[in-house]
Amino acid sequence: MVSAEKIQLLREKISEADAIVVGGASGMSAASGFVFYYKDDEVYRRLAGGLARKYGIHSMFDAFYDRRLTAGERWAVILRTTRYIYECGTGGTYRDLAELLEDRNYYVVTTNQDAQFFRVFPTRNITRIQGDWRYWQCSLPCHDGIYDNHDEVMWLCDAICGDALPEKLIPRCPHCGAPMEPWVRSHVFLQGKFYHREMKRYRDFLEKHRQGKVLFLELGVGMMTPMFIKEPFMNMVYQWPHAFYATVNPQHAFVPEEIAGRSLAIGDDIAVTLRQLLGKSTAEVKPFDGRDLFNPSRVY
Ligand SMILES: [Zn+2]
């Protein structure tokens, strides 16, 4: 449980802010129970099927980046994961955050690729820095285009044989015929027109409010990629006269000395913290232990 003083301070900062910039990362989804990306749980085992034992892999990301899988096996994991992302429920942390920010002036920047923020906030208020599983791009990439994959994911998932997609069904680029690739951070990740349009939308929001009372609310950013959200937030608070930094992060809740007077660090569970902020019961929240989630093979 978070102390009453900290909850009260964060409530005040939320209510008096002209603008709230939410930086949401893997901890947001982990606190909702979506841990299969880097943990061996029941969901992961369903997505990996027999590949878990065949290759001795223990999480979805490890399967995604493991080069021993055949192209068809890798696509089986990609398709099952993407289908799960389309069909799973909306995480409690996301529903609670939406309730907390209702009627407020906010913007969300996220490194999450699981589209959970899109369940509860309008697209115009979100920028995704590391892509989104619901889109594909050319793996080269030969052109600047990303493609909604919903319908193809559904039927291709049904075409998986054993634990592999038949080679001839692997999605191909409509321009050059190379295999497609999920539009998520990798060495071929496409940062084209679509990506830059979203980044501009985020920068415009920041620019508009830089002189105002801005609350930077960081939720669960890990230390694998602090340069996308955590460090820019700290830098802006350092430079902007009326900005405030709050981090809710069971693993990495710290603030630099330079902004300590305009910061709040909450090192507790995100789900518990959000419910306390809303005055809801935390009895049913299963506390999340971030310590057993660190996986150095993760790229984010
Ligand atoms: Zn192509």
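**Notebook: helix packing and sheets**

Entry 1. I began with helix 7 and helix 12, and I record their crossing as left-handed (near helix turned anticlockwise from the far one by less than a right angle; clockwise would be right-handed). Helices (H or I, at least four residues) and strands (E, at least two) are DSSP runs numbered from the N terminus. The model is predicted: local features need pLDDT of at least 70, side-chain atom pairs count only at pLDDT 80 or more, and totals for chains, interfaces and linings use all residues. Residues are numbered from 1 along each chain as its sequence is written.

I then looked up the geometry of this pair. From helix 7, I noted Gly-92, Thr-93, Asp-96, Leu-97 and Leu-100 in the contact (C-beta atoms, placed from the backbone, within 7 Å). Helix 12 contributes Ile-270, Ala-271, Leu-274, Arg-275 and Leu-277. I sorted the residues of this contact into six nonpolar, two polar and two charged (Ala, Val, Leu, Ile, Met, Phe, Trp, Tyr, Cys and Pro nonpolar; Asp, Glu, Lys and Arg charged; the others, Gly among them, polar).

Entry 2. I turned to helix 6 and helix 9 (residues 150-158), which pack at an angle of about 125° with their axes 9 Å apart. Helix 6 and helix 9 are therefore oblique to each other. Helix 6 passes helix 9 in a left-handed crossing. On the helix 6 side I listed Leu-79, Arg-80, Thr-82, Arg-83 and Tyr-86; on the helix 9 side, His-150, Val-153, Met-154, Leu-156 and Cys-157. The residues of this contact divide into six nonpolar, two polar and two charged.

Entry 3. Strand 4 (residues 131-138) pairs with strand 6 over four bridges, and Gln-137 has Glu-181 of strand 6 as its bridge partner.

Entry 4. I found a further open sheet of six strands, in the order 3-2-1-7-8-9, with parallel pairing. Strand 3 (126-128) and strand 9 (263-266) stand at the edges with a single partner strand each, so one side of each is left without a neighbour in the sheet. Ignoring direction, I noted that neighbouring strands here are turned by 15° against each other on average. Strand 7 (residues 214-219) and strand 8 (residues 244-248) pair over five bridges, and Leu-217 stands opposite Ala-246 in strand 8. Helix 11 (residues 230-239) packs on this sheet and touches strand 1 (19-24), strand 7, strand 8 and strand 9. I recorded the direction of helix 11 as making about 155° with that of strand 7.

Entry 5. Finally, I looked at the whole protein chain, which has twelve helices and nine strands. Its C-alpha atoms fill a box of roughly 60 × 40 × 30 Å, taken along the principal axes.

Conventions: Two residues are in contact if their C-beta atoms, placed from the backbone, lie within 7 Å. Two strands pair if DSSP finds at least two bridges between them. Axes are lines fitted to C-alpha atoms, for helices over the stretch in contact, and angles run from 0 to 180 degrees between N-to-C directions. Angles under 35 degrees count as roughly parallel, over 145 as roughly antiparallel, 65 to 115 as roughly perpendicular and the rest as oblique.
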